[in-house]
Amino acid sequence: MGKFVIRQTNTGMKFDLKAGNGEVIATSEVYNSESACRNGIASVQKNAPAAAIEDQTVEGFETQKHPKFEVYTDKAGEYRFRLKATNGQIIATGEGYKAKASCLNGIASVQKNAPDAEIVEQ
């Protein structure tokens, strides 16, 4: 089972969503308070399971409604995803993947782990 790990940074609070094996599968922006960070977690738990996938790496891709996972390539040519809430705000991002299939597996892992993940503080 996955878990959200809240941790302090130099500039605020952020969370990582970790899969059952301990791997980080998504991370948040830096929030200015713990309550804002917890609201971000709640948003991921609510939006991730039903979010559509918008594959921006395909020419002429179909735009999806929010909430959605956007799959894109970064400057290094790696595949990444970001989860956007119903209001269009980015609420979680994934790491860079060499293969699109791995990126899609990361999304599936977020969808599976986020809803029931426990919240722990580091």
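Here are some questions and answers about a predicted model.

Local features need pLDDT of at least 70, side-chain atom pairs count only at pLDDT 80 or more, and totals for chains, interfaces and linings use all residues. Residues are numbered from 1 along each chain as its sequence is written, and side-chain values use heavy atoms, with hydrogens and water left out.

Visitor: How many disulfides does a search of the whole structure find?

Guide: A disulfide is a covalent bond between the sulfur atoms of two cysteines. Here it is counted as a pair of cysteine sulfur atoms within 2.5 Å. The search of the whole structure gives 0.

Visitor: Is C103 buried or exposed?

Guide: Buried means under 20% relative accessible area, exposed over 50%, and partly exposed in between (1.4 Å probe, protein chains only). C103 has 0% relative accessibility, so C103 is buried.

Visitor: Which side chain forms a polar contact with that of E78?

Guide: E78 sits in the loop between β5 (68-73) and β6 (79-84); strands (E, at least two residues) are DSSP runs, numbered from the N terminus. A polar contact is a pair of N or O atoms within 3.5 Å; within protein, one must be able to donate a hydrogen and the other to accept it, and residues adjacent in sequence count only if both atoms are side-chain atoms. At 3.0 Å, the partner of the E78 side chain is K98.

Visitor: Why is V24 called partly exposed?

Guide: V24 lies in strand β3 (residues 24-27). V24 is called partly exposed because its relative accessible area is 33%.

Key
Helices (H or I, at least four residues) and strands (E, at least two) are DSSP runs, numbered from the N terminus.
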